[in-house]
Amino acid sequence: QVQLVESGGGLVQAGGSLRLSCTASVNIFSINSMHWYRQAPGKQRELVATLTSGGTIKYADSVKDRFTISRDNAKNTVYLQMNSLKPEDTAVYYCAAVKYTLYWGQGTQVTVSS
């Protein structure tokens, strides 16, 4: 069982930055991959960024060059640094982890005002 706790969401103006954190209840070395998803009102949940245990990183085209996923192994925490935020980045952001099955965090709201 893996529990994920997100933090760091909030309200920011367009062009601003936020950093989301996702802390796992287990050693993240034991997790195959960690992901950030987002879901805007009326839209499907979409994959934003992936970080595998081997260090492979992938981003959605819509956030490439603006968002950065990283991890702090000592803190069992994965981060999503979001820069140059746009109103279309407004969504609930979810952390997810794959360890035999898929686990979800509770989500954190990010609102970008124009």
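Me: Why is Asp61 called exposed?
Reply: Exposed stands for a relative accessible area over 50%, buried for under 20%, and partly exposed for what lies in between, with a 1.4 Å probe and protein chains only. Asp61 has 65% relative accessibility and therefore counts as exposed. The model is a predicted one, in which local features need pLDDT of at least 70 and side-chain atom pairs count only at pLDDT 80 or more, while totals for chains, interfaces and linings use all residues. Residues are numbered from 1 along each chain as its sequence is written, and side-chain values use heavy atoms, with hydrogens and water left out.

Me: How many salt bridges does the structure hold, and which residues are linked in a network?
Reply: The structure holds 4 salt bridges, and the network links Arg38, Glu46, Arg66 and Asp89. Glu46 and Arg38 form one of the bridges, with 2.6 Å between the closest N and O atoms. Glu46 is partly exposed because its relative accessibility is 32%, whereas Arg38 is buried because its value is 6%. Arg66 and Asp89 also meet in a salt bridge, at 2.7 Å from N to O. That pair joins distant parts of the chain: Arg66 lies in the loop between strand S6 (57–59) and S7, and Asp89 in the loop between strand S8 (77–82) and strand S9 (91–99), 23 residues apart. Both Arg66 and Asp89 are buried.

Me: What makes S1 and S7 edge strands of their sheet?
Reply: Strands are DSSP runs of E with at least two residues, numbered from the N terminus, and two of them pair if DSSP finds at least two bridges between them. The open sheet has 4 strands in the order S1-S3-S8-S7, with antiparallel pairing. Strand S1 (4–7) and strand S7 (67–72) each have a single partner strand, so one side of each is left without a neighbour in the sheet.

Me: How do you know that S1 and S3 are paired?
Reply: S1 and strand S3 (residues 18–24) run antiparallel and are joined by 4 bridges; the requirement is at least two, so the two strands count as paired. Ser7 stands opposite Ser21 in S3.

Me: Why is Val26 called buried, and which residues is it in contact with?
Reply: Val26 has a relative accessible area of 19%, so it counts as buried. Its place is in the loop between S3 and strand S4 (33–39). Contact means heavy atoms within 4.5 Å; leaving aside neighbours within four places in sequence, Val26 touches Gln1, Val2, Ile31 and Asn76 in this sense.

Me: What makes a group of residues the nonpolar core, and which members touch the most others?
Reply: Such a core is a set of buried Ala, Val, Leu, Ile, Met, Phe, Trp, Tyr and Cys residues joined through side-chain atoms within 4.5 Å. The largest one has 31 residues, of which Leu4, Met34, Trp36, Leu80, Met82 and Tyr93 touch the most other members. S3, S4, strand S5 (46–52), S7, S8, S9 and strand S11 (108–113) each supply at least two of its residues.

Me: How do you know that the radius of gyration agrees with a compact globule?
Reply: The radius is taken over C-alpha atoms, and the globule rule is 2.2 Å times the number of residues to the power 0.38. For 114 residues a compact globule would have a radius near 13 Å; the protein chain has 13 Å, so the two agree. The C-alpha trace spans about 40 × 25 × 20 Å along its principal axes.

Terms used
A salt bridge is a side-chain nitrogen of Lys or Arg within 4 Å of a carboxyl oxygen of Asp or Glu.
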